[in-house]
Amino acid sequence: MRRLRREHPAALLAVTGCLAERDPDGLARRPEVDLVAGHGSSAALVRLVEEVRAGLLPGKVAAPGVSPDEVLRSPLAWTTGPGRTRAFLKVQDGCGRRCAFCIVPSLRGSERSAPSAEVEEAVRVLGAQGVPEVVLCGVHLAAFGSDRGESLVALLERLESRPPGCRVRLSSLEPMEAGEALVDLVAAGSVVVPHLHLPLQSGSDAVLRRMRRGMTTVRFRTLLDRAWRGNPRFHLATDVIAGFPGETDAEFSETEALLRDLPLASLHVFPFSPRSGTPAAALAATDGVPRAVVTRRAARLRDLDSTIRRSFARSHAGRHADLVSLSGGVGLTETYVEAALSAGCPRPGSRFRARLALLSDGTLAAHPESRPPDRLQGS
Ligand code: SF4
């Protein structure tokens, strides 16, 4: 927030999301913040911004206009438009799990999904409007539909059997719920792209138990191996927390060893930071890992991330790919790798086929082809 204010001194700075829900008054006291819109009011963000500009909002904290349930009952929210090439479609909210480090369940409530038929229709409409890629998002996306007797797999099967005019990507999915059927479907899909982000959080079973994840390293490895066998071009990504309370050197080494061994294409590394009111925050008070150790472990995992990202990008060299051109002169493959657009590539928001070449710095460049897009892994 401070950086944004420094870089854009005249901008209106609105804060939304979990922190806005949890500590609205603390945020409102910060001089750089103009508007605090918690979960129940963020759906009306455009109107709220106009009210702030017009001096109509008393104070900085927006009153909740709708309940969290209503946010999802209202027509599906998606973000697209100038400056954005892909559409992000929110289809699920809330989480019924209680991972020890996570504040989400206490802020977002139980699992709620948008009706599957409405989601399907929204994807088709966006595709027909020329949006090249739709990203399905949710706090606990793998549980999509469970509150309505529907499922993510069934939705994706319908999209696969009658393709919309766009490709579909799934945002992060908890591996506890993302089962074999989903992994197989994504591996073989022609609409859904081969990219799964499955947060593991630790490669030590003892730490996973303390995290209350309901997940084991054996189960995770089985899932990833299955995905990789189904499609060796799969972009498999995970999240990992460095320095969870009580994490010993040996437990951290287990994590590092497992992550090196899995068929992963990228890691998202988070140094542990306690969320007050969570069981992990209480653990941290008695058995916290020293800050310097957390920082060192996170740095090691980030080094590993750089190595596996470079290696995954290199594996695309010389291949043909289905790209979406983003703003900033880069294209995005189905496998979530960026390539610099060379001359002749279409404007942002277009989907096209290109040949990928490895540059001397290890990054990729895209050279357009005239054939229509098909699957990278089929090339
Ligand atoms: S980490 Fe994910 S599964 Fe665990 S409580 Fe948070 S949102 Fe739910």
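This is a predicted model: local features need pLDDT of at least 70, side-chain atom pairs count only at pLDDT 80 or more; totals for chains, interfaces and linings use all residues.
Trainee: What makes S8 and S9 count as paired strands?

Mentor: Pairing asks for at least two bridges between two strands. Three bridges join S8 to strand S9, residues 235-242, so the pair qualifies, and the two run parallel.

Trainee: Which strands make up the open sheet, and in what order?

Mentor: The order is S8-S9-S10, three strands with parallel pairing.

Trainee: Why are S8 and S10 said to stand at the edges?

Mentor: Strand S8 (195-197) and strand S10 (266-271) each have a single partner strand, so one side of each has no neighbour in the sheet. From one strand to the next, the twist averages 15 degrees.

Trainee: What makes Cys95 or Glu174 part of the ligand's surroundings?

Mentor: The test is a C-beta atom, placed from the backbone, within 6 Å of the molecule. Cys95 and Glu174 are in the shell, so they meet that cut-off. The shell also includes Arg97, Arg98, Cys99, Cys102 and His140.

Trainee: How do you know how confident the predictor is?

Mentor: On a scale from 0 to 100, the protein chain averages a pLDDT of 88, and 90% of the residues score at least 70. Over residues 71-75, though, pLDDT stays under 50, and over residues 372-379 it is below 50.

Technical notes
Residues are numbered from 1 along each chain as its sequence is written. Helices (H or I, at least four residues) and strands (E, at least two) are DSSP runs, numbered from the N terminus. Axes are lines fitted to C-alpha atoms, for helices over the stretch in contact, and angles run from 0 to 180 degrees between N-to-C directions. Two residues are in contact if their C-beta atoms, placed from the backbone, lie within 7 Å.
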